[in-house]
Amino acid sequence: MPALNVEFSERELEDLRQIAKERGTSMKALVREAAAADIARHRALQEGAEAFRQFFAAHADEFAAAFPDDEPPAKDEAA
């Protein structure tokens, strides 16, 4: 498995040691779990944003009718 060396300040290392001890796990497992959780969160946000874009595109006319003041000016009006 590929590895990654990560540098921490002394304070961060002490905090990691304490948290790992409290949770009964290793520092390596703690950091890996934190990174995995952030990756999962990032993926979920990307998927949610894509679902929103698709929904908005499918209902653009309805949004335009409901919120006409938020519509950008037509190209011929902008000049």
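Below are legends for a handful of close-up views of this predicted model.

Before you zoom in: residues are numbered from 1 along each chain as its sequence is written. Because the model is predicted, local features need pLDDT of at least 70 and side-chain atom pairs count only at pLDDT 80 or more, while totals for chains, interfaces and linings use all residues, and side-chain values use heavy atoms, with hydrogens and water left out.

**View A. Asp15 and Arg11 pair up in helix H1.** Here Asp15 makes a salt bridge with Arg11, with 3.3 Å between the closest N and O atoms. A salt bridge here is a side-chain nitrogen of Lys or Arg within 4 Å of a carboxyl oxygen of Asp or Glu. Why can these two reach each other? They sit 4 residues apart in helix H1 (residues 10–23), so about one helical turn separates Asp15 from Arg11. Helices are DSSP runs of H or I with at least four residues, strands are runs of E with at least two, and both are numbered from the N terminus. Arg11 is exposed at 60% relative accessibility, whereas Asp15 is partly exposed at 34%. For these labels, buried means under 20% relative accessible area, exposed over 50%, and partly exposed in between (1.4 Å probe, protein chains only).

View B. Arg17 and Glu14 are 3 residues apart in helix H1, about one helical turn. Both ends get some solvent: Arg17 is partly exposed at 39% relative accessibility, and Glu14 is partly exposed at 42%.

**View C. Arg53 meets Glu50 in helix H2.** Their side chains form a salt bridge at 3.2 Å, N to O. The two residues lie 3 residues apart in H2 (residues 27–58), about one turn of the helix. Arg53 is partly exposed, with a relative accessible area of 48%, and Glu50 is partly exposed too, at 34%. How many salt bridges turn up in the whole structure? The search finds 3.

**View D. A look into the largest pocket.** Its volume is about 490 Å³. Of its 15 lining residues, the closest to the centre are Ala3, Leu4, Lys28, Val31 and Arg32. H2 gives the largest share of the lining, 7 residues. By type, the lining has 12 nonpolar, 1 polar and 2 charged residues. On a 1 Å grid over the protein atoms alone, a pocket is an open set of points where a 1.4 Å probe fits, with protein on both sides within 12 Å along at least five of seven lines; lining residues have an atom within 4 Å of a point.

View E. Leu4 sits in the segment before H1 and is exposed, at 72% relative accessibility.

**View F. Met27 in helix H2.** Met27 lies in H2 and is partly exposed at 27% relative accessibility. Its C-alpha is 27 Å from that of Leu45, 18 residues apart along the chain.

How values were computed
Grid points are joined across faces, edges and corners, and a volume is the space filled by probe spheres set on the points. Ala, Val, Leu, Ile, Met, Phe, Trp, Tyr, Cys and Pro count as nonpolar, Asp, Glu, Lys and Arg as charged, and the others, Gly among them, as polar.
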